[in-house]
Amino acid sequence: MKVFVFNGPNLGRLGKREPAVYGATTHEDLVALCVSTGAELGLDVEVRQTDHEGELVGWLHEAADGGNPVVLNAGAWTHYSIAVRDAAAQLSAPLIELHISNVHKREQFRHHSVLSDIATGVLVGLGVDGYPLALRWLASNAK
Ligand code: DQA
């Protein structure tokens, strides 16, 4: 099964970006972690990152058309992008919303997500370890 992991704005700077909040793992390390976890689970995992909202919308259309599950860390778009929500709402396979940090412990504007009520599940605050956990869940539960 093909599974997409989509990371939104500023997540390409993992490792350099606010390490006290997001940790020391780089995006490249995260890609390797997801791909190797996928191989262990028999999943074909493709990880992409973009700082451009329209690009993410296009990728979500691709996943919707392909019937693929998605692990989505939409970064700041989580909190306000109706365009990303509308694209994610077209998925037929499971959608896992993921945040590296515990957004509920942070600023008020991070407490609301426009994605959570259309997501199958939400993983928050477990650091980059959330990604392999999301993939494990999909390997057991997505068809
Ligand atoms: C984030 C949390 C968002 O509030 C923030 O804008 C991000 C990353 C996380 O993974 O913790 O860019 O989604």
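Is lysine 2 buried, exposed or partly exposed, and what is its relative accessible area? In this model, which is a predicted one, lysine 2 comes out as partly exposed, with a relative accessible area of 26%.

Let me start from that residue and its partner. The side chain of lysine 2 meets that of glutamate 46 in a salt bridge, at 2.5 Å from N to O, and this pair links distant parts of the chain, since lysine 2 sits in strand E1, residues 2-7, while glutamate 46 sits in strand E2, residues 44-49, and the two are 44 residues apart. Glutamate 46 is likewise partly exposed, at a relative accessible area of 27%.

Now to H3 itself. The helix has 14 residues and reaches 20 Å from its first C-alpha to its last, which is close to the 20 Å expected at 1.5 Å a residue. Which of its residues are buried? They are Leu56, Val57, Trp59, Leu60, Ala63 and Ala64, and, seen down the axis of H3, the buried residues fall within an arc of 165°, so they line one face of the helix. The cover over those buried residues includes strands E1 and E2, strand E3 (70-73) and helix H4 (82-88). On the face turned away from the buried side, H3 carries the exposed residues Gly54 and Asp65, and the helix is followed by glycine 67, whose phi is positive, near 70°.

I turn next to an annotation. UniProt, in an unreviewed entry, places the feature "binding site" at Asn73, His79, Asp86, Ile100, Ser101 and Arg110. These positions are spread over 38 residues of sequence, and they are also spread in space, up to 24.0 Å between C-alpha atoms. From this set, Asn73, His79, Ile100, Ser101 and Arg110 are taken in by the lining of the largest pocket.

Isoleucine 100 is placed in the loop between strand E4 (95-99) and strand E5 (121-124), and at 5% relative accessibility it counts as buried. Leaving aside residues up to four places away in sequence, isoleucine 100 touches Leu11, Leu14, Tyr22, Asn73, Gly125, Leu126, Gly127, Val128 and Tyr131, and one of these, Asn73, is itself among the positions that carry the UniProt feature.

Serine 101 is found in the loop between E4 and E5 and, at 7% relative accessibility, counts as buried. With residues up to four places away in sequence again not counted, serine 101 touches Val21, Tyr22, Arg106, Val124 and Gly125.

Conventions: Residues are numbered from 1 along each chain as its sequence is written. This is a predicted model: local features need pLDDT of at least 70, side-chain atom pairs count only at pLDDT 80 or more; totals for chains, interfaces and linings use all residues. Side-chain values use heavy atoms; hydrogens and water are left out. A salt bridge is a side-chain nitrogen of Lys or Arg within 4 Å of a carboxyl oxygen of Asp or Glu. Helices (H or I, at least four residues) and strands (E, at least two) are DSSP runs, numbered from the N terminus. Buried means under 20% relative accessible area, exposed over 50%, partly exposed in between (1.4 Å probe, protein chains only). UniProt positions are given in the numbering used here, feature names are shortened, and annotations may be inferred rather than shown by experiment. On a 1 Å grid over the protein atoms alone, a cavity is a set of points where a 1.4 Å probe fits but cannot get out, and a pocket is an open set with protein on both sides within 12 Å along at least five of seven lines; lining residues have an atom within 4 Å of a point. Contact means heavy atoms within 4.5 Å. The expected span of a helix is 1.5 Å times one less than its number of residues. The arc is that of the directions from the helix axis to the C-beta atoms.
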